[in-house]
Amino acid sequence: VRVGGTTASGAFALAGPVIQGGYEYVLKYLVDYSGTSDGYFLQSGVRQEIAAISGAAMGSSALGAACSSAESRIDAAKNSRRHGWATGNFGSLETDADSGLVSEGDSTCVNTGMTFASGLPGVNMGFSLSLGSYDGTLSLIGGASTLEGSRFGAEAIVSYAKDMFFVTAAAGFANQDFEFKGSLLQSTGGASGLTANVAAGVRVP
């Protein structure tokens, strides 16, 4: 819409959401865009449904990295006696327009666990727990949207050490939930499943 002069920014409005394929469109008002006239233009951006899925995938990856207890399990495997730990991990993730989605988010996770002698030579058993959260924002054409997530994980651990060598294995369960809040869409979703990890190495005196 081209206006021969000036007009108020709210003089025109879309009757409803305009969506085509993977994009949504909003009406953008530009003052004096040509030097003599105001104008309204359709501006395209990623649909909020797609942004929510992409954002949740990135948040899930960030939470998975923050809530990993692999390093603590390996340290426990190197120790032939009772071993406990509690760690806090923090991280941030940013994406720019080149990735197709402008976003930023912070992840936090607390990991705790313990291993103890099983009574069998060189064999330790134990458990680990993790509790994490994710807080992010996505810059969309309809305005800033928020993405919040949480993660809980639990694992059983068994390790074996002899002389210089050790091996540790863990199996458990993890659950993640996310909530997206945008100008056109509010949705929740989650995923859960089994986890497993095996590591082996050499103990250096």
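Q: In this predicted model, which side chain of opposite charge is nearest to arginine 151, a buried residue without a salt bridge?
A: Arginine 151 lies in strand 8 and is buried. A salt bridge needs a side-chain nitrogen of Lys or Arg within 4 Å of a carboxyl oxygen of Asp or Glu. The nearest side chain of opposite charge is 6.6 Å away, and arginine 151 has no salt bridge; that side chain belongs to glutamate 155.

Q: With which side chain does the side chain of arginine 151 make a polar contact?
A: Not counting residues up to four places away in sequence, arginine 151 touches residues including Leu63, Cys67, Ser130, Asn175 and Gln176. The polar contact, at 3.1 Å, is with the side chain of glutamine 176.

Q: Is phenylalanine 152 buried, partly exposed or exposed?
A: Phenylalanine 152 is in strand 8. Its relative accessibility is 39%, and the class between buried (under 20%) and exposed (over 50%) is partly exposed. Phenylalanine 152 therefore counts as partly exposed.

Q: Which strand gives the most to the nonpolar patch?
A: The patch covers about 680 Å², and Phe152 is one of its residues, with Met114, Phe127 and Val158 also among them. Strand 6 (102–117), strand 7 (123–140) and strand 8 (143–162) each give two or more residues. With four residues, the one that gives the most is strand 7.

Q: What is the phi of aspartate 163?
A: Aspartate 163 lies in the loop between strand 8 and strand 9 (165–181), and at 61% relative accessibility it counts as exposed. Most residues other than glycine have a negative phi. Aspartate 163 is not a glycine, yet its phi is positive, at about 55 degrees.

Technical notes: Residues numbered from 1 in each chain as written. Predicted model: local features only at pLDDT ≥ 70, side-chain atom pairs only at ≥ 80, totals over all residues. Heavy atoms only, no water. Patch = residues over 30% accessible without salt bridge, like charges linked within 9 Å, V, L, I, M, F, W, Y side chains within 5 Å. Areas by Shrake-Rupley, 256 points an atom, 1.4 Å probe, with all protein chains shown as cover. Buried < 20%, exposed > 50% of the residue type's maximum accessible area, 1.4 Å probe, protein only. Lys, Arg positive; Asp, Glu negative; His and termini not counted. Polar contact = N/O pair within 3.5 Å; in protein donor to acceptor, adjacent residues only side chain to side chain. Contact = heavy atoms within 4.5 Å.
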